[in-house]
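Please keep the sequence and the three-dimensional view at hand while reading.

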Amino acid sequence: MGIVLESPVELWPMASPDNKQTVIYAVYKQVLGNPHVMESERLISAESYLCNGSLTVREFIRSVAKSDFYRARYFESCAPYRFVELNFKHLLGRAPLDQSELSEHIRRCVEEGYEAEIDSYLDSEEYQTKFGENIVPY
């Protein structure tokens with residue numbers, strides 16, 4: 001679970017099929033913590049939408065983070081503290097800054113739910129500034 005990207009991977013406007021596959025691989029590695037997802041764990045439909053330009057990298061990441069696989073692996077099997085900590089690492093590429101940031105996200109998760117917690121990272125100004133629509137978090 002400790003695998004995170006160390007440098008940016010970007011989906012280019014006129015991306016080649018290889019670039020698209022590199023982005024998909026990088027998203028699985030960053031968000032799921034494992035680049036080797038089994039065929040049954042892959043989000044084939046979301047991958048297809050990314051490849052045909054219907055989804056941005058950010059929206060593909062949202063699909064992966066809201067998938068049943070991510071939910072079972074990190075939300076349902078981890079304590080809330082650990083789930084939030086992993087969300088920071090997977091979705092923003094960093095650890096929580098302090099206890100108050102951690103507490104804010106635990107509260108959001110409890111009060112607003114799983115999907116609101118995931119959205120809070122991907123819709124944040126920090127995410128948009130660092131990664132925009134087409135860079136995989138690292």
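This is a predicted model: local features need pLDDT of at least 70, side-chain atom pairs count only at pLDDT 80 or more; totals for chains, interfaces and linings use all residues.

Helices, of at least four residues, and strands, of at least two, are taken from DSSP runs and numbered from the N terminus.

**The nonpolar core**
- The largest nonpolar core holds 38 residues, among which V27 and F60 touch the most other members.
- Helix α1, residues 17-32, supplies the largest share of this core, namely seven residues.
- Beyond its neighbours within four places in sequence, V27 is in contact with L32, V57, F60, I61, V64 and V136.
- As a general background, nonpolar side chains in soluble globular proteins tend to be buried together.

**Helix α1**
- The buried residues of α1 are N19, V23, I24, A26, V27, Y28, Q30, V31 and L32.
- The cover over these buried residues includes the strands β1 (9-10) and β2 (135-136), together with α2, α3, α4 (68-75) and α5 (80-92).

**Residue E10 in strand β1**
- E10 has its place in strand β1.
- With a relative accessible area of 28%, E10 is partly exposed, because that class lies between the limits of 20% for buried and 50% for exposed.
- Although E10 and I135 are 125 residues apart in sequence, their C-alpha atoms are 4.3 Å apart in space.
- Not counting residues up to four places away in sequence, E10 touches N19, V23, N134 and I135.

**The pair α2 and α3**
- Helix α2 (residues 44-51) packs with helix α3 (residues 57-65) at an angle of about 175 degrees, and their axes are 10 Å apart.
- The two helices are therefore roughly antiparallel to each other, since angles over 145 degrees count as such.
- In this contact, A46, E47 and L50 of α2 meet V57, F60 and S63 of α3.
- By class, the residues of this contact are four nonpolar, one polar and one charged.

**Helix α5 and its partner α6**
- Helix α5 has 13 residues and reaches 17 Å from its first C-alpha to its last, close to the 18 Å expected at 1.5 Å a residue.
- F83, V84, E85, L86, N87, F88, H90, L91 and L92 are the buried residues of α5.
- These buried residues pack against α1, α3, α4, α6, α7 (114-122) and α8 (125-131).
- The axes of α5 and helix α6 (residues 99-112) come within 9 Å and cross at roughly 110 degrees.
- That angle makes α5 roughly perpendicular to α6.
- P80, Y81, F83, V84, E85 and F88 of α5 meet Q99, E101, L102, H105, I106 and C109 of α6.
- The residues of this contact divide into eight nonpolar, two polar and two charged.

- G93 lies in the loop between α5 and α6, and just after α5 G93 takes a positive phi of about 75 degrees.
- G93 counts as partly exposed, at 30% relative accessibility.
- Leaving out residues up to four places away in sequence, G93 touches Q30, F88, P137 and Y138.
- The C-alpha atoms of G93 and T22 are separated by 18 Å, and these residues are 71 residues apart along the chain.

Notes
Residues are numbered from 1 along each chain as its sequence is written. Side-chain values use heavy atoms; hydrogens and water are left out. A nonpolar core is a set of buried Ala, Val, Leu, Ile, Met, Phe, Trp, Tyr and Cys residues joined through side-chain atoms within 4.5 Å. Buried means under 20% relative accessible area, exposed over 50%, partly exposed in between (1.4 Å probe, protein chains only). Contact means heavy atoms within 4.5 Å. Axes are lines fitted to C-alpha atoms, for helices over the stretch in contact, and angles run from 0 to 180 degrees between N-to-C directions. Angles under 35 degrees count as roughly parallel, over 145 as roughly antiparallel, 65 to 115 as roughly perpendicular and the rest as oblique. Ala, Val, Leu, Ile, Met, Phe, Trp, Tyr, Cys and Pro count as nonpolar, Asp, Glu, Lys and Arg as charged, and the others, Gly among them, as polar. The expected span of a helix is 1.5 Å times one less than its number of residues.
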